[in-house]
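Me: I'd like to learn how to read a protein model feature by feature. Could you walk me through one?

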Amino acid sequence: NGQTYTCGNQPYNPLTHFCHNGQTYTCDNQPYGPLTHFCYNGQTYTCGNQPYNPSTQFCYSNSKVVNYCGTRTEIFDPDLYECRNTSKIYLKVPISYEGQNYDAVLIGTQTWLTKNLNYNIGVSICYNDNTGNCDIYGRLYDWSTAMNLSSTCNKSRCSILTKKGICPSGWHIPSKADWEVMTTYIGGANTEGKKLKAINGWNDFQGTCNGTDEYGFSALPGGSGASEGSFFDDGGNPRSHWWSSTEYEGYNGWSAYFRIVNHGDGAYWDYFEKSSLFSIRCIQD
């Protein structure tokens, strides 16, 4: 257009380059300002007029540049969550409930408590009637107590009444569908146990069967109990059982689904009478 342009005493074309501090910048033959944009694979990225690298960062709410948590791809509010131990995304503020504090972690689009509930209410016990086990594994509950419903719900259909159960406000007992969202995100049921189990605390008759705890779920073998006072699944056969809010109608009436992790790498569903005593792991609404 009849004008000449120099950048650091070098000629340049302003239609294809941008001059900043004596250097020219182009992204797929388009000029861009490095103070406001980042060029990646021929595209420019900006977040509230700040450049960000989409291979290691994301733009939250079009205003905050946030680093991904290691290789994790979740997008999270940096005011609420923080990356710890290079790969786990925790709520910054623990959940305080009935005298207990619970950390929580983001897994995909869901936020889960990192411990089983330890709230002394209704039909609930510590494994082997040892209060020290409640501190480690949380309490074991029958289904109606877990769901905060009448004891008659152990024999009839009641899940349509509530999902919250005895979880803190803003949290609820996961449905079967809730849990399977997590299962899909972390790569399927065949490796779910390995990925969710804590890195210590699992031992069976063949030795250790600890997990990798890739997301901070930190599952421990809480065992199970029966209404008449028996306890199961410790020692050489460690297991965790978590109630879901989803019921199942069988030939003996209504039971409920629960998720199981044992000494192996996988996880699976089963259903049983609601008077059984299993753990609770709450999920955020």
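What follows is a chat about overall shape, strands, a helix, pockets and backbone angles.

Me: Before we start, what kind of model is this, and what counts in it?

Reply: It's a predicted model, where local features need pLDDT of at least 70 and side-chain atom pairs count only at pLDDT 80 or more, while totals for chains, interfaces and linings use all residues. Residues are numbered from 1 along each chain as its sequence is written, and side-chain values use heavy atoms, with hydrogens and water left out.

Me: OK, overall shape. How does the radius of gyration of the protein sit against a compact globule of 285 residues?

Reply: The radius of gyration is taken over C-alpha atoms, and the globule rule is 2.2 Å times the number of residues to the power 0.38. For 285 residues, a compact globule would come out near 19 Å, but the protein has 26 Å. Along the principal axes, the C-alpha atoms fill a box of roughly 95 × 45 × 35 Å.

Me: What percentage of the residues is buried?

Reply: Buried means under 20% relative accessible area, exposed means over 50%, and partly exposed is in between (1.4 Å probe, protein chains only). Here, buried residues make up 45% of the 285.

Me: And how many helices and strands are there?

Reply: Both are DSSP runs numbered from the N terminus: helices are H or I with at least four residues, strands are E with at least two. The protein has four helices and 27 strands.

Me: How do I read strand pairing, say for β6, β7 and β8?

Reply: Two strands pair if DSSP finds at least two bridges between them. These three form an open sheet in the order β6-β7-β8, with antiparallel pairing. At its edges are β6 (38–40) and β8 (50–51), each pairing on one side only.

Me: What about strand β16: which of its residues are buried?

Reply: β16 (residues 110–113) is covered on both faces: Gln110 and Trp112 are buried on one side, Thr111 and Leu113 on the other. Its antiparallel partner is β15 (residues 104–107), over four bridges, with leucine 106 opposite threonine 111. The two strands make a hairpin with two residues between them, and glycine 108 in that turn has a positive phi of about 70°.

Me: How do I read a pocket?

Reply: Rolling a probe the size of a water molecule over the atoms shows where empty space is left. In detail, on a 1 Å grid over the protein atoms alone, a pocket is an open set of points where a 1.4 Å probe fits, with protein on both sides within 12 Å along at least five of seven lines; lining residues have an atom within 4 Å of a point. Grid points are joined across faces, edges and corners, and a volume is the space filled by probe spheres set on the points. The largest pocket holds about 330 Å³. Its lining has 14 residues, with Asn252, Gly253, Ser255, Phe272 and Glu273 nearest the centre.

Me: Which strand gives the most to that lining?

Reply: β25 does, with three residues. β25 (253–261) and β26 (267–272) are antiparallel and joined by six bridges, forming a hairpin with five residues between them. Within that pairing, tyrosine 257 has tyrosine 271 of β26 as its bridge partner.

Me: What is the volume of the second largest pocket?

Reply: About 150 Å³. Its lining includes His241, Phe258, Phe272 and Glu273.

Me: Last one: how should I read a positive phi?

Reply: Most residues other than glycine have a negative phi. Asparagine 9 has a positive one, near 65°, in the loop between β1 (6–7) and β2 (10–11). Aspartate 213 has one of about 45°, in the loop between β21 (207–208) and β22 (224–225).

Me: Is each of those two buried or exposed?

Reply: Asparagine 9 counts as exposed because its relative accessibility is 73%. Aspartate 213, at 8%, counts as buried.
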